[in-house]
Amino acid sequence: ALEGSAAILKEGQSEKDAAGTQFCISLTSPATLWSGQALKSKKPSVANDFMLKTIRALLSRAGYTVVDSSVNYVNNQEISSFSII
């Protein structure tokens with residue numbers, strides 16, 4: 001990706017536990033942009049969500065589970081949103 005950003009959309013209810021936090025990660029021109037857009041336009045049962053797969057593995061090791069995840073494409077951006085419990 002040429003650049004990217006991460007944001008917390010909603011914080012969890014506890015200062016000691018991140019459960020319930022909602023995140024959004026945007027990547028500009030990632031290597032998977034074209035294939036992700038092409039796949040999403042066909043509405044298949046599989047997703048080109050390599051970023052979310054990595055996030056799931058990392059947060060699983062920290063004791064969290066990723067829920068309510070999605071990947072959207074806007075122009076040359078891949079936008080991944082997810083919550084953790």
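Me: Of the contacts between residues at least 6 apart in sequence, what share joins residues at least 24 apart?
Reply: 49% of them do. Bear in mind that this is a predicted model.

Me: OK. How many helices and strands are there?
Reply: The protein has two helices and four strands.

Me: In which order along the sequence?
Reply: The pattern is β-β-α-α-β-β.

Me: Where do F23 and F82 sit in the chain?
Reply: F23 is in strand β2, residues 22-28, while F82 is in strand β4, residues 77-84. The two are 59 residues apart, and the pair links distant parts of the chain.

Me: Is F82 buried or exposed?
Reply: F82 counts as buried, with 4% relative accessibility.

Me: And F23, what is its relative accessible area?
Reply: For F23 the value is 21%, and that residue is partly exposed.

Me: Why is F23 not called buried at 21%?
Reply: Because buried means under 20% relative accessible area, and F23 has 21%.

Me: Staying in β2, what about S26, buried or exposed?
Reply: S26, also placed in strand β2, is buried, with a relative accessible area of 13%.

Me: Which residues does S26 touch, leaving aside neighbours within four places in sequence?
Reply: S26 is in contact with E3, G4 and S5, and also with Q77, E78 and I79.

Me: Different topic. Which residue lies over the face of F50?
Reply: K53 does, at 5.5 Å from the ring centre.

Me: And charges overall, how many positive and negative?
Reply: There are 8 positive and 7 negative charges, and their mean positions are 10 Å apart.

Me: What percentage of the protein's residues is buried?
Reply: Buried residues make up 28% of the 85 residues.

Me: How much accessible surface does the protein have?
Reply: About 5900 Å², with 54% of that belonging to carbon and sulfur atoms.

Me: Last one. What box do the C-alpha atoms fill?
Reply: Taken along the principal axes, the box is roughly 40 × 25 × 20 Å.

Terms used
Residues are numbered from 1 along each chain as its sequence is written. This is a predicted model: local features need pLDDT of at least 70, side-chain atom pairs count only at pLDDT 80 or more; totals for chains, interfaces and linings use all residues. Side-chain values use heavy atoms; hydrogens and water are left out. Buried means under 20% relative accessible area, exposed over 50%, partly exposed in between (1.4 Å probe, protein chains only). Contact means heavy atoms within 4.5 Å. Accessible areas come from the Shrake-Rupley method with a 1.4 Å probe; for residues, only the protein chains shown count as cover. Lys and Arg count as positive and Asp and Glu as negative; His and the chain ends are not counted. The place of a charge is taken as NZ of Lys, CZ of Arg, CG of Asp or CD of Glu. A charge sits over a ring if NZ of Lys or CZ of Arg is within 6 Å of the ring centre and within 35 degrees of the ring normal.
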